[in-house]
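Here are my notes on this model, as numbered points. Please read them with the structure open.

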Amino acid sequence: MALNFQCCTAEFLLVSVVLFVYLSLNVGLNYYNNWLLSPPPQGLGFPAPLFYTMCHMIASLLGSSALMTCRPELRTLSKEQFWSRKFKLCILSTLFCISIASNNLSLPHIGLSVNQVLKSCTALPVLFLAFVLEGKRYSLPKVSLIVLIVVGAVIAVPWGTPNADGLGVALSIVSTLAIAGKTSLSALLMKDAKKDGLTPIVLVWYDSIFSICLLLVAQLMMGEWFKISQFTSHEPMMTVIAMIAGSAMAFTYNFVSFKFIQMTSSVTHAIAGNLKLFAVVVLPAMFIDHITSLTSWIGFGIFLCAALGYAILEQKNMRTPSPPATTSPTDKLISGAPSEETPLRNGEEKKGWF
(Lines give C-alpha, C1' and ligand atoms only; values in the text may rest on other atoms or scores of the structure.)
Protein backbone atom coordinates (compact mmCIF):
# COMPACT_ATOMS: atom_id res chain seq x y z
CA MET A 1 0.00 0.00 0.00
CA ALA A 2 2.83 2.39 0.92
CA LEU A 3 4.61 1.59 -2.36
CA ASN A 4 1.46 2.29 -4.35
CA PHE A 5 1.01 5.61 -2.57
CA GLN A 6 4.63 6.59 -3.27
CA CYS A 7 4.21 5.70 -6.95
CA CYS A 8 1.01 7.74 -7.16
CA THR A 9 2.72 10.69 -5.46
CA ALA A 10 5.72 10.52 -7.83
CA GLU A 11 3.36 10.29 -10.80
CA PHE A 12 1.36 13.27 -9.57
CA LEU A 13 4.52 15.35 -9.16
CA LEU A 14 5.74 14.41 -12.65
CA VAL A 15 2.40 15.31 -14.23
CA SER A 16 2.40 18.57 -12.25
CA VAL A 17 5.82 19.52 -13.65
CA VAL A 18 4.73 18.74 -17.21
CA LEU A 19 1.52 20.72 -16.62
CA PHE A 20 3.51 23.72 -15.37
CA VAL A 21 5.80 23.68 -18.42
CA TYR A 22 2.82 23.23 -20.76
CA LEU A 23 0.90 26.14 -19.24
CA SER A 24 3.97 28.40 -19.13
CA LEU A 25 4.68 27.83 -22.81
CA ASN A 26 1.00 28.16 -23.69
CA VAL A 27 0.70 31.51 -21.92
CA GLY A 28 4.06 32.73 -23.22
CA LEU A 29 3.31 31.86 -26.85
CA ASN A 30 -0.13 33.51 -26.71
CA TYR A 31 1.37 36.80 -25.54
CA TYR A 32 4.41 36.43 -27.78
CA ASN A 33 2.46 35.67 -30.98
CA ASN A 34 0.01 38.46 -30.24
CA TRP A 35 2.93 40.90 -29.93
CA LEU A 36 4.70 39.66 -33.07
CA LEU A 37 1.58 39.71 -35.30
CA SER A 38 -0.13 42.84 -33.96
CA PRO A 39 0.39 46.06 -35.93
CA PRO A 40 2.72 48.76 -34.55
CA PRO A 41 3.04 50.33 -32.06
CA GLN A 42 1.52 47.43 -30.07
CA GLY A 43 3.67 44.82 -31.87
CA LEU A 44 6.11 44.10 -34.68
CA GLY A 45 3.31 43.89 -37.25
CA PHE A 46 4.58 40.80 -39.12
CA PRO A 47 1.96 40.36 -41.88
CA ALA A 48 2.18 36.61 -42.58
CA PRO A 49 0.80 34.42 -39.76
CA LEU A 50 0.82 31.28 -41.95
CA PHE A 51 4.50 31.75 -42.81
CA TYR A 52 5.24 32.33 -39.13
CA THR A 53 3.38 29.11 -38.26
CA MET A 54 5.39 27.23 -40.90
CA CYS A 55 8.57 28.47 -39.21
CA HIS A 56 7.26 26.86 -36.02
CA MET A 57 6.86 23.52 -37.78
CA ILE A 58 10.27 23.73 -39.46
CA ALA A 59 11.78 24.23 -36.00
CA SER A 60 9.75 21.26 -34.72
CA LEU A 61 11.01 19.07 -37.57
CA LEU A 62 14.62 20.07 -37.00
CA GLY A 63 14.32 19.71 -33.22
CA SER A 64 12.69 16.27 -33.29
CA SER A 65 15.15 15.06 -35.96
CA ALA A 66 18.09 16.26 -33.85
CA LEU A 67 16.78 14.44 -30.77
CA MET A 68 16.28 11.20 -32.70
CA THR A 69 19.80 11.54 -34.17
CA CYS A 70 21.40 12.11 -30.77
CA ARG A 71 19.39 9.30 -29.17
CA PRO A 72 18.82 6.49 -31.75
CA GLU A 73 16.50 4.62 -29.36
CA LEU A 74 13.95 7.38 -29.88
CA ARG A 75 13.88 6.80 -33.64
CA THR A 76 10.97 4.36 -33.78
CA LEU A 77 9.93 5.31 -37.31
CA SER A 78 8.93 2.61 -39.79
CA LYS A 79 7.21 2.30 -43.16
CA GLU A 80 4.48 0.13 -41.67
CA GLN A 81 3.87 2.71 -38.94
CA PHE A 82 3.50 5.48 -41.50
CA TRP A 83 1.37 3.70 -44.13
CA SER A 84 -1.04 2.26 -41.58
CA ARG A 85 -1.76 5.72 -40.13
CA LYS A 86 -1.08 8.08 -43.03
CA PHE A 87 -4.66 9.36 -43.25
CA LYS A 88 -4.97 9.98 -39.51
CA LEU A 89 -1.59 11.74 -39.48
CA CYS A 90 -2.66 13.92 -42.41
CA ILE A 91 -5.94 14.79 -40.66
CA LEU A 92 -4.00 15.58 -37.46
CA SER A 93 -1.75 18.03 -39.28
CA THR A 94 -4.69 19.56 -41.16
CA LEU A 95 -6.50 20.20 -37.88
CA PHE A 96 -3.33 21.66 -36.40
CA CYS A 97 -2.85 24.03 -39.34
CA ILE A 98 -6.48 25.13 -39.18
CA SER A 99 -6.29 25.71 -35.42
CA ILE A 100 -3.04 27.67 -35.43
CA ALA A 101 -3.69 29.62 -38.62
CA SER A 102 -7.23 30.65 -37.65
CA ASN A 103 -6.03 31.58 -34.16
CA ASN A 104 -3.18 33.74 -35.49
CA LEU A 105 -5.51 35.32 -38.06
CA SER A 106 -7.99 36.16 -35.30
CA LEU A 107 -5.50 37.98 -33.04
CA PRO A 108 -5.59 41.33 -34.91
CA HIS A 109 -9.43 41.26 -34.81
CA ILE A 110 -10.22 40.18 -31.27
CA GLY A 111 -9.07 40.92 -27.74
CA LEU A 112 -6.68 38.31 -26.38
CA SER A 113 -8.88 37.71 -23.34
CA VAL A 114 -11.99 37.05 -25.47
CA ASN A 115 -9.98 34.78 -27.77
CA GLN A 116 -8.88 32.64 -24.83
CA VAL A 117 -12.33 32.51 -23.23
CA LEU A 118 -13.81 31.19 -26.48
CA LYS A 119 -11.02 28.60 -26.78
CA SER A 120 -11.76 27.47 -23.24
CA CYS A 121 -14.90 25.88 -24.68
CA THR A 122 -12.62 23.26 -26.27
CA ALA A 123 -13.36 20.95 -23.34
CA LEU A 124 -16.93 20.24 -24.45
CA PRO A 125 -16.21 19.00 -28.01
CA VAL A 126 -13.17 17.09 -26.65
CA LEU A 127 -15.45 15.39 -24.12
CA PHE A 128 -17.78 14.33 -26.94
CA LEU A 129 -14.91 13.12 -29.14
CA ALA A 130 -13.35 11.20 -26.23
CA PHE A 131 -16.64 9.32 -25.94
CA VAL A 132 -16.97 8.70 -29.70
CA LEU A 133 -13.35 8.08 -30.75
CA GLU A 134 -11.69 6.78 -27.59
CA GLY A 135 -14.68 5.02 -26.01
CA LYS A 136 -14.13 6.75 -22.66
CA ARG A 137 -16.78 7.28 -19.99
CA TYR A 138 -16.73 10.10 -17.43
CA SER A 139 -18.51 10.41 -14.10
CA LEU A 140 -21.47 12.73 -13.72
CA PRO A 141 -19.61 15.19 -11.41
CA LYS A 142 -16.82 15.62 -13.98
CA VAL A 143 -19.23 16.04 -16.88
CA SER A 144 -21.19 18.60 -14.86
CA LEU A 145 -18.04 20.58 -14.05
CA ILE A 146 -16.92 20.53 -17.70
CA VAL A 147 -20.31 21.87 -18.81
CA LEU A 148 -20.13 24.52 -16.06
CA ILE A 149 -16.68 25.57 -17.29
CA VAL A 150 -18.04 26.12 -20.78
CA VAL A 151 -21.13 27.96 -19.50
CA GLY A 152 -18.97 30.27 -17.39
CA ALA A 153 -16.70 30.93 -20.38
CA VAL A 154 -19.64 31.87 -22.63
CA ILE A 155 -21.11 34.20 -19.97
CA ALA A 156 -17.72 35.87 -19.54
CA VAL A 157 -17.47 36.95 -23.20
CA PRO A 158 -18.20 40.70 -23.44
CA TRP A 159 -20.57 40.40 -26.41
CA GLY A 160 -21.34 43.62 -28.25
CA THR A 161 -18.06 45.30 -27.35
CA PRO A 162 -15.08 46.10 -29.62
CA ASN A 163 -13.31 43.15 -27.96
CA ALA A 164 -15.72 40.73 -29.64
CA ASP A 165 -15.36 41.53 -33.35
CA GLY A 166 -17.45 39.20 -35.54
CA LEU A 167 -14.60 37.97 -37.74
CA GLY A 168 -12.33 37.44 -34.76
CA VAL A 169 -15.02 35.45 -32.90
CA ALA A 170 -15.70 33.26 -35.97
CA LEU A 171 -12.00 32.50 -36.45
CA SER A 172 -11.61 31.71 -32.74
CA ILE A 173 -14.53 29.25 -32.89
CA VAL A 174 -12.99 27.51 -35.91
CA SER A 175 -9.70 27.28 -34.02
CA THR A 176 -11.49 25.86 -30.97
CA LEU A 177 -13.19 23.06 -32.94
CA ALA A 178 -9.95 22.19 -34.74
CA ILE A 179 -8.05 22.02 -31.45
CA ALA A 180 -10.69 19.68 -30.03
CA GLY A 181 -10.35 17.31 -32.99
CA LYS A 182 -6.54 17.42 -32.86
CA THR A 183 -6.46 16.70 -29.12
CA SER A 184 -8.72 13.63 -29.34
CA LEU A 185 -6.99 12.29 -32.45
CA SER A 186 -3.56 12.72 -30.78
CA ALA A 187 -4.72 10.66 -27.78
CA LEU A 188 -6.04 7.98 -30.14
CA LEU A 189 -2.78 7.80 -32.13
CA MET A 190 -0.60 7.53 -29.00
CA LYS A 191 -2.87 5.02 -27.27
CA ASP A 192 -0.50 2.09 -28.02
CA ALA A 193 2.78 4.01 -28.18
CA LYS A 194 4.69 1.22 -26.45
CA LYS A 195 3.58 -1.28 -29.09
CA ASP A 196 3.69 0.73 -32.32
CA GLY A 197 6.40 3.29 -31.42
CA LEU A 198 4.21 6.33 -32.08
CA THR A 199 5.65 8.33 -29.16
CA PRO A 200 5.22 12.11 -28.65
CA ILE A 201 8.56 12.95 -30.30
CA VAL A 202 7.74 10.74 -33.31
CA LEU A 203 4.28 12.31 -33.57
CA VAL A 204 5.88 15.77 -33.56
CA TRP A 205 8.11 14.65 -36.45
CA TYR A 206 5.21 13.36 -38.57
CA ASP A 207 3.04 16.34 -37.69
CA SER A 208 5.78 18.77 -38.72
CA ILE A 209 6.29 17.24 -42.17
CA PHE A 210 2.59 17.19 -43.07
CA SER A 211 2.03 20.67 -41.62
CA ILE A 212 4.90 22.26 -43.56
CA CYS A 213 3.44 20.97 -46.84
CA LEU A 214 -0.08 22.14 -45.99
CA LEU A 215 1.05 25.55 -44.76
CA LEU A 216 3.18 26.11 -47.86
CA VAL A 217 0.12 25.60 -50.09
CA ALA A 218 -2.03 27.78 -47.81
CA GLN A 219 0.51 30.62 -48.01
CA LEU A 220 0.43 30.61 -51.80
CA MET A 221 -3.37 30.68 -51.78
CA MET A 222 -3.48 33.56 -49.26
CA GLY A 223 -0.84 35.60 -51.07
CA GLU A 224 1.45 35.82 -48.06
CA TRP A 225 4.65 35.77 -50.11
CA PHE A 226 3.60 39.09 -51.65
CA LYS A 227 2.85 40.52 -48.20
CA ILE A 228 6.29 39.44 -46.98
CA SER A 229 7.98 41.07 -50.00
CA GLN A 230 6.18 44.33 -49.20
CA PHE A 231 6.88 44.14 -45.46
CA THR A 232 9.32 46.70 -44.12
CA SER A 233 10.39 46.80 -40.52
CA HIS A 234 12.23 49.49 -38.63
CA GLU A 235 14.01 46.70 -36.78
CA PRO A 236 14.58 43.84 -39.30
CA MET A 237 17.11 42.03 -37.12
CA MET A 238 14.72 42.14 -34.16
CA THR A 239 11.98 40.61 -36.34
CA VAL A 240 14.24 37.74 -37.46
CA ILE A 241 15.42 37.02 -33.91
CA ALA A 242 11.84 37.19 -32.62
CA MET A 243 10.65 34.66 -35.22
CA ILE A 244 13.50 32.27 -34.42
CA ALA A 245 12.79 32.53 -30.68
CA GLY A 246 9.07 31.97 -31.23
CA SER A 247 9.77 28.92 -33.40
CA ALA A 248 12.05 27.40 -30.74
CA MET A 249 9.34 27.87 -28.10
CA ALA A 250 6.77 26.34 -30.46
CA PHE A 251 8.82 23.15 -30.89
CA THR A 252 9.09 22.71 -27.13
CA TYR A 253 5.39 23.43 -26.71
CA ASN A 254 4.37 20.93 -29.43
CA PHE A 255 6.33 18.14 -27.78
CA VAL A 256 5.18 18.93 -24.23
CA SER A 257 1.58 19.16 -25.42
CA PHE A 258 1.68 15.67 -26.96
CA LYS A 259 3.49 14.34 -23.90
CA PHE A 260 0.86 15.74 -21.55
CA ILE A 261 -1.93 14.14 -23.60
CA GLN A 262 -0.09 10.79 -23.42
CA MET A 263 0.42 11.05 -19.65
CA THR A 264 -3.17 12.03 -18.83
CA SER A 265 -6.08 12.13 -21.29
CA SER A 266 -7.50 14.30 -24.03
CA VAL A 267 -10.17 15.78 -21.75
CA THR A 268 -7.71 16.52 -18.91
CA HIS A 269 -5.45 18.19 -21.48
CA ALA A 270 -8.32 20.42 -22.62
CA ILE A 271 -9.30 21.30 -19.04
CA ALA A 272 -5.70 21.96 -17.99
CA GLY A 273 -5.29 24.40 -20.85
CA ASN A 274 -8.07 26.46 -19.32
CA LEU A 275 -5.96 27.21 -16.25
CA LYS A 276 -4.03 29.66 -18.38
CA LEU A 277 -7.05 31.96 -18.11
CA PHE A 278 -5.63 33.18 -14.80
CA ALA A 279 -2.83 34.76 -16.81
CA VAL A 280 -4.28 35.45 -20.26
CA VAL A 281 -7.90 36.31 -19.43
CA VAL A 282 -8.25 37.78 -15.95
CA LEU A 283 -5.12 39.96 -16.06
CA PRO A 284 -5.63 41.26 -19.63
CA ALA A 285 -9.31 41.87 -18.86
CA MET A 286 -8.28 44.05 -15.94
CA PHE A 287 -5.28 45.89 -17.34
CA ILE A 288 -5.41 45.64 -21.16
CA ASP A 289 -8.97 45.23 -22.47
CA HIS A 290 -10.48 47.10 -19.49
CA ILE A 291 -13.55 44.88 -19.25
CA THR A 292 -15.82 46.18 -16.50
CA SER A 293 -19.05 44.26 -17.21
CA LEU A 294 -20.44 42.61 -14.06
CA THR A 295 -21.80 39.74 -16.17
CA SER A 296 -18.35 39.02 -17.57
CA TRP A 297 -16.82 38.93 -14.10
CA ILE A 298 -19.57 36.57 -12.89
CA GLY A 299 -18.75 34.32 -15.84
CA PHE A 300 -15.05 34.43 -14.95
CA GLY A 301 -15.93 33.44 -11.37
CA ILE A 302 -18.09 30.50 -12.46
CA PHE A 303 -15.41 29.33 -14.85
CA LEU A 304 -12.55 29.50 -12.36
CA CYS A 305 -14.51 27.75 -9.59
CA ALA A 306 -15.54 24.92 -11.94
CA ALA A 307 -11.95 24.55 -13.24
CA LEU A 308 -10.70 24.31 -9.65
CA GLY A 309 -13.33 21.66 -8.85
CA TYR A 310 -12.26 19.58 -11.84
CA ALA A 311 -8.60 19.84 -10.82
CA ILE A 312 -9.47 18.58 -7.33
CA LEU A 313 -11.42 15.60 -8.71
CA GLU A 314 -8.57 14.74 -11.07
CA GLN A 315 -6.04 14.89 -8.25
CA LYS A 316 -8.16 12.53 -6.14
CA ASN A 317 -8.44 10.18 -9.11
CA MET A 318 -4.67 10.10 -9.57
CA ARG A 319 -3.99 9.54 -5.86
CA THR A 320 -6.37 6.57 -5.64
CA PRO A 321 -4.21 3.43 -5.30
CA SER A 322 -4.42 0.90 -8.12
CA PRO A 323 -6.45 -2.26 -7.41
CA PRO A 324 -4.64 -5.47 -6.39
CA ALA A 325 -3.21 -7.59 -9.17
CA THR A 326 -5.31 -10.62 -8.16
CA THR A 327 -8.81 -10.20 -9.49
CA SER A 328 -11.76 -12.40 -10.24
CA PRO A 329 -13.12 -12.83 -13.81
CA THR A 330 -15.91 -10.39 -12.93
CA ASP A 331 -13.41 -7.81 -11.66
CA LYS A 332 -11.38 -8.17 -14.84
CA LEU A 333 -14.46 -7.60 -16.93
CA ILE A 334 -15.32 -4.46 -14.96
CA SER A 335 -11.77 -3.12 -14.98
CA GLY A 336 -11.56 -3.72 -18.71
CA ALA A 337 -14.52 -1.46 -19.42
CA PRO A 338 -13.88 1.94 -20.97
CA SER A 339 -13.10 4.48 -18.26
CA GLU A 340 -11.33 7.77 -17.60
CA GLU A 341 -8.16 6.11 -16.27
CA THR A 342 -4.94 7.67 -17.53
CA PRO A 343 -2.28 5.58 -19.34
CA LEU A 344 0.13 5.74 -16.37
CA ARG A 345 -2.51 4.61 -13.90
CA ASN A 346 -3.48 1.63 -16.02
CA GLY A 347 -0.17 0.05 -15.10
CA GLU A 348 1.32 0.45 -18.56
CA GLU A 349 5.09 0.46 -18.43
CA LYS A 350 6.51 3.87 -19.22
CA LYS A 351 9.46 3.84 -21.61
CA GLY A 352 11.63 6.89 -21.03
CA TRP A 353 10.68 10.55 -21.07
CA PHE A 354 10.17 10.86 -24.84
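**Notes on the predicted model**

1. Start with His-56. Not counting residues up to four places away in sequence, His-56 touches Asn-33, Gly-246, Ser-247 and Ala-250. His-56 sits in helix H2, which covers residues 49-70. Is His-56 buried or exposed? His-56 has a relative accessible area of 6%, so it is buried. The cut-off for that label is under 20%. Please keep in mind that this is a predicted model.

2. Now the overall make-up. The chain has 15 helices and zero strands. It has 354 residues, and buried residues make up 49% of them. The chain exposes about 17000 Å². Carbon and sulfur atoms supply 73% of that area.

3. Contacts along the chain come next.

4. Helix H5 spans residues 123-133, and helix H6 spans residues 140-156. They pack at an angle of about 145°. Their axes are 9 Å apart. Which residues meet there? From H5 come Ala-123, Leu-124 and Leu-127. From H6 come Val-143, Ile-146, Val-147 and Val-150. The residues of this contact divide into seven nonpolar, no polar and no charged.

5. There is also a nonpolar patch on the surface. Its members are Leu-124, Val-147, Leu-148, Val-151 and Ile-155. Together they have about 330 Å² of accessible area. Which helix gives the most to the nonpolar patch? H6 does, with four residues. Leu-124 and Val-147 belong to the patch, and both are also listed in the contact of H5 with H6.

6. Ile-155 is one of the patch residues. Its place is in helix H6. Ile-155 has a relative accessible area of 31%, so it counts as partly exposed. Patch members need over 30%.

7. How many salt bridges does the structure hold? The count is two. As background, side chains of opposite charge can pair when their charged atoms come close.

8. Glu-73 is partly exposed, with 47% relative accessible area. Arg-71 is partly exposed too, at 34%.

9. Another salt bridge joins Arg-85 and Asp-196, with the closest N and O atoms 3.0 Å apart. This pair links distant parts of the chain, 111 residues apart. Arg-85 lies in helix H3 (residues 79-106), and Asp-196 lies in helix H8 (residues 193-196). Is Asp-196 buried or exposed? Asp-196 counts as buried, because its relative accessibility is 18% and the label applies under 20%.

10. Last, the cysteine at position 213. Cys-213 is found in helix H9, residues 200-222. Its relative accessibility is 48%, so Cys-213 counts as partly exposed. The label "exposed" needs over 50%. Cys-213 and Ser-93 are 120 residues apart along the chain. Their C-alpha atoms are separated by 9.6 Å.

Key
Residues are numbered from 1 along each chain as its sequence is written. This is a predicted model: local features need pLDDT of at least 70, side-chain atom pairs count only at pLDDT 80 or more; totals for chains, interfaces and linings use all residues. Side-chain values use heavy atoms; hydrogens and water are left out. Axes are lines fitted to C-alpha atoms, for helices over the stretch in contact, and angles run from 0 to 180 degrees between N-to-C directions. Helices (H or I, at least four residues) and strands (E, at least two) are DSSP runs, numbered from the N terminus. Contact means heavy atoms within 4.5 Å. Ala, Val, Leu, Ile, Met, Phe, Trp, Tyr, Cys and Pro count as nonpolar, Asp, Glu, Lys and Arg as charged, and the others, Gly among them, as polar. Patches are made of residues with over 30% relative accessible area and no salt bridge: like charges are joined within 9 Å, nonpolar side chains (Val, Leu, Ile, Met, Phe, Trp, Tyr) within 5 Å. Accessible areas come from the Shrake-Rupley method with a 1.4 Å probe; for residues, only the protein chains shown count as cover. A salt bridge is a side-chain nitrogen of Lys or Arg within 4 Å of a carboxyl oxygen of Asp or Glu. Buried means under 20% relative accessible area, exposed over 50%, partly exposed in between (1.4 Å probe, protein chains only).
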